[in-house]
Amino acid sequence: RGVGSGFIVDPKGYILTNQHVVQGATRITVRLQSGEEFRGVVKGIDEETDVAVIKIESTRELPTVKLGNSDDTEVGDWVLAIGSPFGLDQTVTAGIISKKERQAAPFTSFQQFLQTDAAINRGNSGGPLVNMRGEVIGMNSQIATSTGDYNGIGFALPSNEAGFVYQQIISAGKVRRGYLGIFLDSVRPEFARVYELPDTKGAIVTDVRDAQGPAGKAGILANDIIIEYNGQAVGSAQDLINKVAGTTVGQTITITYLRDVNGKLERRTASVTIGERPTSLAPRDDDAPVTPPKEKAPPEINRVRLGVTLQELTPQLATERKLTGLRGLYVKDIDPNGIIADARPRSLTEGDVILRINRTAITSLEEFERIVNALKAGDA
């Protein structure tokens, strides 16, 4: 048994809620404010946004909410969160929008939440977050908590994203998002300085997930810097992800990117036919158990300045760590007080492999030392 919330978006009985509210349910009972109860049927779900569409059958047209434009919401706007915290139905709490487009490690690429201090507790999930005009601008979805209950920070999926998911499920039975098949990171100030870019914009291809995917077939490689998508400038990795996801599957578009060739960035273009994003992109297997090496350990080095202990990637180590085919230096340990540990948005972690420093590929500790020793204070 569990309790959640939802809101009717169509008089015919279509309801929006969170996927985690109905996940694994053998029977769904929907109780309206009038006290009427209906059997609910799941019409579709979207794992990326944690959204589900429920349908109930009624002999009359049902009252609905109006979805507002969440893009118009501003920090400081007053909002109301409505739901059934702890089973106390029709509970209303008030607060303000404290942050837009909030992203954090546990969230997916399509969960850029509205953050609010309106009290959201267990049972509020799936309920509406409304503005002072009574328009739904978000779906209450998650909370940040150290106790399991309200700590002053709640997250609501913007209504524009929830509405997109709803329309896709109603029209196609599922959500179809565009897909390139690559891993991305945003161009940051340090990267722009090293690569002598004019501004801090663009998306770096950190790896090609699928060589037979849309980007792989078009010749996109790791370390390419995507700067334009179908004629539109790319501001960041998230910007590119949103553009691709909103592109019709099967559409052919043009990507403009920069490639490092002999120390110079060449501007290139590629035509890419957008694929369909898989329903669940599984993470890489980085946590496989490891057998301790039996042979003498290869040389290692501890850079006091950077705070990282490295080891050359021998064939045996590569096999044990499932890193066959990679060439680089294996990260054995990170000093929490070192420079590397402070890197943002994501620092190196134990088990990573360093492939390049700035624009130079490295395979030995000697190469690593030579490059690092040449850096001066303030260098990127």
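Asp 46, Glu 161 and Arg 177 are linked in a network of salt bridges. A salt bridge here is a side-chain nitrogen of Lys or Arg within 4 Å of a carboxyl oxygen of Asp or Glu. The model is predicted, so local features need pLDDT of at least 70 and side-chain atom pairs count only at pLDDT 80 or more, while totals for chains, interfaces and linings use all residues. Residues are numbered from 1 along each chain as its sequence is written, and side-chain values use heavy atoms, with hydrogens and water left out.

Side chains of opposite charge can pair when their charged atoms come close. The search of the whole structure found 17 salt bridges. In one of them, Asp 46 pairs with Arg 177, with 2.9 Å between the closest N and O atoms. This pair links distant parts of the chain, 131 residues apart. Asp 46 lies in strand S4 (residues 37–46). Arg 177 lies in the loop between helix H2 (159–172) and strand S12 (178–179). Helices (H or I, at least four residues) and strands (E, at least two) are DSSP runs, numbered from the N terminus. Both Asp 46 and Arg 177 are buried. Buried means under 20% relative accessible area, exposed over 50%, and partly exposed in between (1.4 Å probe, protein chains only).

A salt bridge also joins Glu 276 and Lys 174, with closest N and O atoms 3.0 Å apart. Glu 276 sits in strand S19 (residues 275–276), and Lys 174 in the loop between H2 and S12, 102 residues apart. Glu 276 counts as partly exposed because its relative accessibility is 28%. Lys 174 is partly exposed, at 38%.
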